[in-house]
2 protein chains.
Amino acid sequence: MEIIKTIKEMQQKIEQLKKDGQTIGFVPTMGYLHEGHLTLVEEARKKADIVIMSIFVNPLQFGPNEDFDRYPRDIERDERLANQAGVNFLFYPEVREMYKTEMSFHITVKGLADVLCGSNRPGHFDGVAAVLIKLFNIVQPHFAFFGMKDAQQVAVVTSLVEQFNFPIEIVPVPTVREEDGLAKSSRNVYLLEEERKDATVLFQSLQLAKGLIKAGEKNREKIQSEMKRYINQHSSASIDYVEIYTFPDLKPLQSLSGLVLIAGAIRFTNVRLIDNMTIDI
Amino acid sequence: MEIIKTIKEMQQKIEQLKKDGQTIGFVPTMGYLHEGHLTLVEEARKKADIVIMSIFVNPLQFGPNEDFDRYPRDIERDERLANQAGVNFLFYPEVREMYKTEMSFHITVKGLADVLCGSNRPGHFDGVAAVLIKLFNIVQPHFAFFGMKDAQQVAVVTSLVEQFNFPIEIVPVPTVREEDGLAKSSRNVYLLEEERKDATVLFQSLQLAKGLIKAGEKNREKIQSEMKRYINQHSSASIDYVEIYTFPDLKPLQSLSGLVLIAGAIRFTNVRLIDNMTIDI
């Protein structure tokens, strides 16, 4: 695995790879890799000749009171894991390499960003969209792989690629979970010991919703309130949101039908966790 | 010359051309071609193997009270001229092909768009930036050619490419003029007969400024007021702006030094004309 730290070198490498007729699979990450990321690499290896992973904690997508500074980082471990997983090139730029000057352009995500994590993290998806345009232009992949744990991010990137005509296929990859169902996340390390077990409530509440739907329930509010009741009864977490939308266009719907996204976010002492499920009704 | 009307077909063609090792020069236009555009094609032919011209009157860059509907169009003539000039592929999509759905993303151009035409045409460069991201992703050129008549557009696109890391070289091309100095423009056809002669005042006021600068004048306000006086004395036009900034970062400066842009916009009965000059002091 080769580590590349400058945009210029990455673009030169890509130009050569494309001249050689190689297809490129791209796994953008913020590092602190876990099995979720490694599953993305596995999928990328199946579809593309060359796998490029980026590790970049993008300041633009963190709010002023969010965890940019304390977002977990461990580049030595990440290098080892990426290498073992079969990544060919690790693009690992510094912030000042990615943002050489102040940006003269601001991207505002409309509609798609007004719900779920977007309403709780104003500006977050604006920053995601901006850095993805940059990364897509640097890596110029044929395929880009995103975990469904960040379902709203999948919705945003799908629109970004379609509406701006990037010649890239977005490949959503199912969420990887711990044995007890907790979705893998770099932020799980911030759970207190006594919170770790409680943290499964979010996944369990999704299973509860699935059960209700299988039993014929289609009322959005009823399902949401059952999920909230379950989370409150079985954990110390506070609920940020439990919501249901169409997917991937994230429109509200009163009676569930078609492909729907059921998503929740809950807070523990030092961490906010998200999880979701899509279900075709 | 081949005419291509869909994004998909254009992208497939590009993929094949790149596989064949061809370099691509791109000339984006809004059609109603004049010698200025054809000079861009000429420059593109010098630098690239294949020249792709787009003709697309982009609704996003016109304000609600601007001339989108009456912007001059003549596709048969454009096809003939593009073909004669040596364009290999003419990309000519309809509005509904370029904007299949309402955009979920709005791009705001900051700083660079707050001066000159930007302050007179709010949202104009936002729309320019959005359509250029689309066109760059569709055509994926090695080089893109822009006329210096739209100097602020050159400044915006230069930043766009740098800050979003498009692997594209922007090539600015000097303004092409009529014999009497009037900058070629698709909008010149809207000059009334008696206004046509007066229309040269803008170019003449730039020459006046150049003369003053050569004679040692460095005071921005003095030069601007001399230019305004000249335009008012010698024409029926009303002045939108006469301004001087650094180029290409468009910062104000009191005493002229370095590369500066002197730019003006004036209005006649049915048309607003712009012109400019860069001068290294």
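View 1. Over all chains, the structure holds 14 aromatic pairs, and the model in which they are found is a predicted one. One of them is formed by Phe105(A) and Phe164(B), a tilted pair whose ring centres are 5.8 Å apart and whose planes make an angle of 45 degrees. Phe105(A) belongs to strand E5 of chain A, while Phe164(B) sits in the loop between helix H7 (151–163) and strand E7 (169–173) of chain B, so this pair joins two chains.

**View 2. Strand E5 of chain A beside strand E5 of chain B.** The two strands run antiparallel, and five bridges join E5(A) to E5(B), the latter made of residues 105–109. Within this pairing, Val109(A) stands opposite Phe105(B) of E5(B).

**View 3. The interface of chain A and chain B.** In this view, 28 residues of chain A are in contact with 28 residues of chain B. Between them the two chains bury about 2,600 Å², with 57% of that area on carbon and sulfur atoms. On the side of chain A, the residues that lose the most area to chain B are Phe105(A), Gln163(A) and Phe164(A), which together account for 31% of what that side buries. What kinds of polar pairing are found here? Across the interface of chain A and chain B there are 16 residue pairs in polar contact, both residues being at pLDDT 80 or more, whereas the count of salt bridges between the two chains is zero.

**View 4. The elements of chain A that touch chain B.** Helix H1 (7–19), strand E5 (105–109), helix H6 (124–139) and helix H7 (151–163) of chain A each supply at least two residues of the side that touches chain B. Which element gives the most to this side of chain A? That element is H6(A), with six residues. Sorted by class, the side of chain A that touches chain B has 15 nonpolar, ten polar and three charged residues.

**View 5. A salt bridge between distant parts of chain A.** By the rule applied here, the count comes to 34 salt bridges over all chains. In chain A, the side chains of Lys184(A) and Glu35(A) meet in a salt bridge, with 2.7 Å from N to O. This pair links distant parts of the chain, 149 residues apart, since Lys184(A) lies in the loop between strand E7 (169–173) and helix H8 (193–198) of chain A and Glu35(A) in helix H2 (residues 35–47) of chain A.

View 6. In chain A, a cis peptide bond joins Phe247(A) and Pro248(A), with omega at about 5 degrees, and Pro248(A) lies in the loop between strand E8 (238–246) and strand E9 (259–267). Leu250(A) is also found in the loop between E8 and E9 of chain A, and this residue has a positive phi of about 55 degrees although it is not a glycine. In chain B, a cis peptide bond joins Phe247(B) and Pro248(B), again with omega at about 5 degrees, and Pro248(B) is placed in the loop between strand E8 (238–246) and strand E9 (259–267) of that chain.

Notes: Residues numbered from 1 in each chain as written. Chains lettered and ligands numbered in written order. Predicted model: local features only at pLDDT ≥ 70, side-chain atom pairs only at ≥ 80, totals over all residues. Heavy atoms only, no water. Contact = heavy atoms within 4.5 Å. Buried area = accessible area lost by both parts, 1.4 Å probe. Salt bridge = Lys/Arg side-chain N within 4 Å of Asp/Glu carboxyl O. Polar contact = N/O pair within 3.5 Å; in protein donor to acceptor, adjacent residues only side chain to side chain. Helix = DSSP H or I, 4+ residues; strand = E, 2+ residues; numbered from the N terminus. Nonpolar A, V, L, I, M, F, W, Y, C, P; charged D, E, K, R; others polar. Pairing = 2+ DSSP bridges. Phe/Tyr/Trp six-rings, centres within 6.5 Å; stacked < 30°, edge-to-face > 60°.
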